[in-house]
Amino acid sequence: ISAIDPEDCDELSGCVRKLTEQGVVVVVSGGNEGSNSGRRPGFAPEAITVGALDYFNRVTSFSSDKTVINTGTSRTYDKPDVWAYGQKVNAAKFDPAGYEHKPNHELATQKNGTSMAAPHVSGVAALLLQEAKSKGVSLNAAQMKKILQASADPLQTGNPYVRSEGGAMNPNKALDYLRKNLDKIKKRLF
């Protein structure tokens, strides 16, 4: 178990808290050190921390997960909050010097990691924020986390040690869940 003290936390976790208090939904990578590990600011309770899955919704061997205790509230919680595809993800390759010097230079690459999974969650979060806004609703970070977790698919993993309060992000289910709960969110019952 790792501990986070909300009154005396690291700088990045403190920034996550401040941004969340200002209405920003913060999505962070969980880390790539394997089970029973993690890194800050992924421990921050306000952050939507993302773990990495393969294309069969199985937790990758490198994806971090950790139980965290908030020393201010004595509440324990598991991180990551939600999981997304993070193995063999096609991405733009940043290598401007190589591009200029090689005529057949590849502009894309495949990468693994929670840093490849987090943008998937960020994109879905942006779509959910826009959908809610179009209906006159402003979502906060806690509501976004609840929507993503409640609409997630179960993880397909044979690893009994993987901890998570959420499952595999499902964008279609998340949008449906938001639409079904808009009245509750408007009335602040959510």
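The following legends describe close-up views of a predicted model of one protein chain.

**Figure 1. Overview of the secondary structure of the protein chain.** The predicted chain contains 5 helices and 8 strands. Read from the N terminus, these elements follow the order β-α-β-β-β-β-β-β-α-β-α-α-α. Of the 190 residues in the chain, 44% are buried.

**Figure 2. The open sheet formed by strands S2, S3 and S6.** The sheet consists of 3 strands, arranged in the order S2-S3-S6 with parallel pairing. Its edges are strand S2 (27-29) and strand S6 (82-85), each of which pairs on one side only. From one strand to the next, the twist averages 45°.

**Figure 3. Pairing of strand S3 with strand S6, and the helix packed on the sheet.** Strand S3 comprises residues 48-53 and runs parallel to S6, to which 4 bridges join it. Within this pairing, Val50 of the chain is placed opposite Val82 in S6. Helix H3, spanning residues 114-134, packs on the sheet and touches S2, S3 and S6. The direction of H3 makes about 120° with that of S3.

**Figure 4. The packing of helix H4 against helix H5.** Two packed helices are described by the angle between their axes and the distance between the axes. Here, the axes of helix H4 (residues 141-150) and helix H5 (residues 171-186) cross at roughly 135° and come within 9 Å. The crossing in which H4 passes H5 is right-handed.

**Figure 5. Residues at the contact of H4 with H5.** On the H4 side, the contact involves Gln143, Lys146, Ile147, Leu148 and Ala150. These residues meet Ala174, Tyr177, Leu178 and Ile185 in H5. By class, the residues of the contact comprise 7 nonpolar, 1 polar and 1 charged.

Figure 6. Thr60 is located in the loop between S3 and strand S4 (66-70). Its relative accessibility is 6%. Thr60 therefore counts as buried, because the cut-off for that class is under 20% relative accessible area. Leaving aside residues up to four places away in sequence, Thr60 touches Ala52, Leu53, Asp54 and Gln87.

Methods: Residues numbered from 1 in each chain as written. Predicted model: local features only at pLDDT ≥ 70, side-chain atom pairs only at ≥ 80, totals over all residues. Heavy atoms only, no water. Pairing = 2+ DSSP bridges. Helix = DSSP H or I, 4+ residues; strand = E, 2+ residues; numbered from the N terminus. Axes fitted to C-alpha atoms, helices over the stretch in contact; angles between N-to-C directions. Contact = heavy atoms within 4.5 Å. Left-handed = near helix turned anticlockwise from the far one by under 90°. Nonpolar A, V, L, I, M, F, W, Y, C, P; charged D, E, K, R; others polar. Buried < 20%, exposed > 50% of the residue type's maximum accessible area, 1.4 Å probe, protein only.
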